[in-house]
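Let's take a look at how this chain is folded up. Have the sequence and the 3D view ready before reading on.

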Amino acid sequence: MVISIPETTINSSNGRRPIPLIGMGVAKSENTDSNEKVKTAIIEAIKVGYQHFDTAAIYGTEKPVGEAIEEALRLGLIKSRTELFVTTKLWCNATKGHLVLPAIKQSLKDLGLEYVDLYLIHWPLTLEYEEFKLPIPSEWISAINLKDVWEAMETCQNLGLTKSIGVSNFAPRRIKEILTFAKIPPVVNQVEMNPAWQQKKLNEFCKRNDILLTGYSPLGAGSSWGRNHVMDSDVLQDIAKSRGKSIAQISLRWLYEQGVSFVVKSFNKERMKQNLDIFDWSLSEEEMNKISQIPQQKHIYFGLMVGEPNDVITEVDADLSTM
Ligand SMILES: NC(=O)c1ccc[n+]([C@@H]2O[C@H](COP(=O)([O-])OP(=O)(O)OC[C@H]3O[C@@H](n4cnc5c(N)ncnc54)[C@H](OP(=O)(O)O)[C@@H]3O)[C@@H](O)[C@H]2O)c1
């Protein structure tokens, strides 16, 4: 049975495709995941009902996403590309006004698409390098010129290369800055969000400003980032046991009840299906209360990728842990 996923509009007046509240994350857990594995996973995901795919230039998965869409059309799994919602992101090496348009054009070329549904600034900072490597050397990093970059993002939307524009890993202070000059305000802010990093204040801020918060790492990234603070939570485990659900389902249902959308990654067909099966039941007030008391800990910082201390990164990371 294909589960139908609730959707919400992110551009109220222009009749664009609404965003499905569950998206499939297409960042590879393992660098060894081949393009073929990613493509097969996306085709399986389309078969079980996913319509929203979340990729990024830096993930190296735009090509297999595009190939999977082409294959899904060929197999008749979808009749038209318009049935899908594709998000991709501007990487930090292109967060300069004149680099944004070439970057989205490259992403579209890799995806084999004429437009994406949503284009996000991946992180509020700039990196300058010839060839990407980890850890990121401190001298690559500089502050972002938000006005220049946002104007170029607006150009992308005005040219029809993306239906909507938004941000990722942005604290309220930076969104407020965009709102002072934006002709097109951001419609989405994609950030880490799960029962162990609940984003209550940021969610309220985004709702007040008509911005949809999208949670990434909704399961705490599982073992893929080497941490299991969500999947190992005793509170979630107790609730899961008493409800006959999995911990993942409790976590995802909790996100759904926060009025946000989220992107969850699984390349395993059974887990993909399980992650969609969260709509015909709800958490009780008592269960919600227990979850609200889970100790809070942010796990995804840009600094994790950086070799030495750097002022720009320290500021971005500090912003993200106080929001
Ligand atoms: N904007 C950003 O800066 C940013 C940062 C991080 C992530 N993201 C986006 O968010 C997406 C999801 O985040 P994430 O990949 O970090 O973490 P996640 O979705 O919280 O967790 C993924 C991990 O959980 C496992 N998993 C999935 N469903 C499960 C289930 N039902 N039971 C047990 N384990 C399960 C997956 O393994 P299997 O594949 O083996 O099932 C994988 O190891 C990414 O793919 C990416 O699109 C964005």
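Two residues count as being in contact if their C-beta atoms, placed from the backbone, lie within 7 Å. With that in hand, here's a first look at this predicted model: among contacts in the protein chain with a separation of 6 or more, 72% join residues 24 or more positions apart.

The chain holds eleven helices and twelve strands. Its C-alpha atoms fill a box of roughly 55 × 45 × 40 Å along the principal axes. A compact globule of 323 residues would have a radius of gyration near 20 Å, and the 19 Å of this chain agrees with that. As for burial, 45% of the 323 residues are buried.

Now for the inside. The largest nonpolar core has 91 residues, and Ile42, Val100, Tyr119 and Met153 touch the most other members. Helix 8 (residues 247-257) gives the most to this core, with seven residues. Leaving out residues up to four places away in sequence, Tyr119 touches Thr88, Leu90, Ile104, Met153, Cys156, Thr162 and Ile165.

Next, a pair of helices. The axes of helix 3 (residues 97-111) and helix 4 (residues 146-158) come within 8 Å and cross at roughly 35°, and the crossing is right-handed. Here's who meets whom:

| Helix | Residues that meet the other helix |
|---|---|
| Helix 3 | Gly97, Val100, Leu101, Ile104 |
| Helix 4 | Asp148, Val149, Glu151, Ala152, Met153, Thr155, Cys156 |

Sorted by class, this contact has seven nonpolar, two polar and two charged residues. Val100 and Met153 take part in it, and they also turned up among the core residues that touch the most other members.

Key. Residues numbered from 1 in each chain as written. Predicted model: local features only at pLDDT ≥ 70, side-chain atom pairs only at ≥ 80, totals over all residues. Core = buried A, V, L, I, M, F, W, Y, C linked by C-beta atoms within 7 Å. Buried ≥ 20, exposed ≤ 12 C-beta atoms within 10 Å, placed from the backbone. Helix = DSSP H or I, 4+ residues; strand = E, 2+ residues; numbered from the N terminus. Axes fitted to C-alpha atoms, helices over the stretch in contact; angles between N-to-C directions. Left-handed = near helix turned anticlockwise from the far one by under 90°. Nonpolar A, V, L, I, M, F, W, Y, C, P; charged D, E, K, R; others polar. Rg over C-alpha atoms; globule rule 2.2 N^0.38 Å.
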